[in-house]
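Subject: Structure for your review: salt bridges

Dear colleague,

Please find below the structure that I am handing over to you. I would be grateful if you could look through it alongside the notes that come after it.

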Amino acid sequence: MSDNGNAAATAVSVSLDPRRGQKVLRQEENSPKMRVIRVGTRKSQLARIQTDSVVAVLKALYPGLQFEIVAMSTTGDKILDTALSKIGEKSLFTKELEHALEKNEVDLVVHSLKDLPTVLPPGFTIGAICKRENPYDAVVFHPKFVGKTLETLPEKSVVGTSSLRRAAQLQRKFPHLEFKSIRGNLNTRLRKLDEFQEFSAIILAAAGLQRMGWQHRVGQILHPEECMYAVGQGALGVEVRAKDQDILDLVGVLHDPETLLRCIAERAFLRHLEGGCSVPVAVHTAMKDGQLYLTGGVWSLDGSDSMQETMQATICVTAQHEDGPEDDPQLVGITARNIPRQAQLAAENLGISLASLLLNKGAKNILDVARQLNDAH
């Protein structure tokens, strides 16, 4: 505080000491006003809740900075009458936000990590991956079927999902059910379920329901033996300009080491398979006693043909910060200088090795057929 009791006008810039890996705050006295950091987000209620949670952490870490949220609509938010897998656009929920980032209209963007392609456009990087919430899928039932499970739903019940991954796995597991595409944000999909008689249940990410405070709507959690989850599901990613060192340093403290390493393995697996939302690919990861376990699978569109395997790698996450070149290359679109490089490389190699194993066993044929069938319908 200044002598007259008013808050001093102080701007704070952030830098990382590359030798110690520690955050250094430099206060610039006599700056006319606080530096404003503009945070891009989608307009949906869930996206705003997710962005607000990240901004709250940043505000606590950097009280000398001001944060302004800039909300916008994306292609995926506007096209609601077509299944995601049919639109043929890899950056459905990110393109407009990245455009704003490129034009310096925002400084960082908060995404659901599963919306971010494994190859980002040139000039962008994921500067932080926040601690993952429950990555599993959840079933929300129509009010008249509360208390049921997918197994006990009546024959020919229609289950809504916007994901080929979910439909393929669940069709295989529950052949008495029919699966139909349902689009829209969480509010829209729940309204379609509750107000119309078309769907007996819908499948949503448990993390989204949790963040919205709608845990009471969860009728069933789908565990990996029933339905493995999407790459990056449950985690938030913060996208920034790759050369914006100040912002990279600012958000880098948000990295959760375990989530980061699990998601590097998952993204490397998906990238090496050349998968995306137009083919059913799913994963499950776990860290235990210094071991990272990755299970990955591919399915035909109807779930009748599938292939999955599990591999593990030893990961050391307790090593001290390692000296390295200033311009560390990204791994699967992620920059994390404050996490041991060897651990990141081990996670990436695990994902590539598992994808190679599946490809050698014939996964490419399953994926090619799924892609062709999806394009044809």
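This is a predicted model: local features need pLDDT of at least 70, side-chain atom pairs count only at pLDDT 80 or more; totals for chains, interfaces and linings use all residues.

Two pairs involve the loop between strand 6 (124–129) and strand 7 (137–141). In one of them, the side chains of Arg 132 and Glu 266 form a salt bridge with an N to O distance of 2.9 Å. Because Arg 132 sits in that loop and Glu 266 in helix 9 (residues 257–273), the pair ties together parts that are 134 residues apart in sequence. Both Arg 132 and Glu 266 are buried.

In the other, Arg 211 is bridged to Glu 133, with 3.6 Å between the closest N and O atoms. This pair also links distant parts of the chain: Arg 211 belongs to helix 7 (residues 206–212) and Glu 133 to the loop between strand 6 and strand 7, 78 residues apart. Arg 211 counts as buried because its relative accessibility is 16%, whereas Glu 133, at 28%, counts as partly exposed.

A further salt bridge lies within a helix. Asp 368 pairs with Arg 371, their closest N and O atoms being 3.6 Å apart. The two are three residues apart in helix 11 (residues 363–376), so about one helical turn separates them. Asp 368 is partly exposed, with a relative accessible area of 25%, and Arg 371 is partly exposed at 24% relative accessibility.

Yours sincerely

Terms used. Residues are numbered from 1 along each chain as its sequence is written. Side-chain values use heavy atoms; hydrogens and water are left out. A salt bridge is a side-chain nitrogen of Lys or Arg within 4 Å of a carboxyl oxygen of Asp or Glu. Helices (H or I, at least four residues) and strands (E, at least two) are DSSP runs, numbered from the N terminus. Buried means under 20% relative accessible area, exposed over 50%, partly exposed in between (1.4 Å probe, protein chains only).
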